[in-house]
Amino acid sequence: MTLTNVPKGHVATIVTHLEMLEEPILAETESSLSMIYWPNPDVDQYLALFRKVGEPWLWISRLLMNRNELEAILRQPTTEISLIRKGEHIVGFAELDFRETGQCEIAFFGLVPDMNGKGHGDWMMSQVLKKAWRDGIDRVWLHTCTQDSPRALPFYQRTGFRIFGQEIGTMEDPRLAGLFPETAGPHVPLLS
């Protein structure tokens with residue numbers, strides 16, 4: 001085994017890429033949640049929800065992105081965002097990316113922290129897969145990492161995704177950069 005030091009102020013992560021090459025037979029699941037399409041989201045509202053869902057997992061990609069670049073992605077007809085609601089409250093979102101012909105990437109999939117671990121994921125994934133698998137799609141894929149919930153990888157595998165690759169990387173710790181409080185991502189060591 002080759003070990004590499006993680007520089008102070010950085011975090012290490014293993015990214016796992018997963019795919020589904022045929023449409024699954026989805027069991028009907030029920031939930032108190034609902035999913036609605038979110039056309040042309042306001043960038044600030046999108047980032048607030050992204051932060052609310054992603055802070056425990058140190059999601060930073062969209063927080064680091066140039067505002068105009070993010071707005072362009074959100075306005076693309078190949079980007080589809082759905083809100084997850086519990087009554088009138090927004091409790092999560094899913095973002096599908098259809099830029100690659102014949103493919104759908106589940107770019108983001110998550111619920112706010114107090115909704116996690118309550119069995120809503122099966123329903124949510126079922127709804128997302130119904131949207132992803134449409135005419136002309138022969139591959140649905142996503143990625144997760146060791147900064148995500150420890151339940152994420154087994155969940156994706158249980159729902160029918162298969163691993164097709166892994167990568168190892170480091171990044172500047174977003175907590176030390178001021179993007180999140182130091183209490184975010186308590187499962188990820190803080191090397192200050």
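From the N terminus on, the elements of this chain follow the order β-β-α-α-α-β-β-β-α-β-α-β, which comes to five helices and seven strands, where helices (H or I, at least four residues) and strands (E, at least two) are DSSP runs numbered from the N terminus. The model is a predicted one, in which local features need pLDDT of at least 70 and side-chain atom pairs count only at pLDDT 80 or more, while totals for chains, interfaces and linings use all residues. Residues are numbered from 1 along each chain as its sequence is written, and side-chain values use heavy atoms, with hydrogens and water left out.

Of the 192 residues in the chain, 45% are buried, a word that stands here for under 20% relative accessible area, with exposed meaning over 50% and partly exposed in between (1.4 Å probe, protein chains only).

Helix H1 shows how such burial can be arranged. At 1.5 Å a residue, the twelve residues of H1 (residues 43-54) should span 16 Å, and the end C-alpha atoms are 16 Å apart, which agrees; the expected span is 1.5 Å times one less than the number of residues. In H1, the buried residues are Val43, Tyr46, Leu49, Phe50, Val53 and Gly54. Seen down the axis of H1, these fall within an arc of 130°, so they line one face of the helix, the arc being that of the directions from the helix axis to the C-beta atoms. An α-helix has 3.6 residues a turn, so residues three or four places apart point the same way.

The buried residues of H1 pack against helix H2 (61-64), helix H3 (67-75) and strands E3 (79-86), E4 (89-97) and E5 (103-111), where contact means heavy atoms within 4.5 Å.
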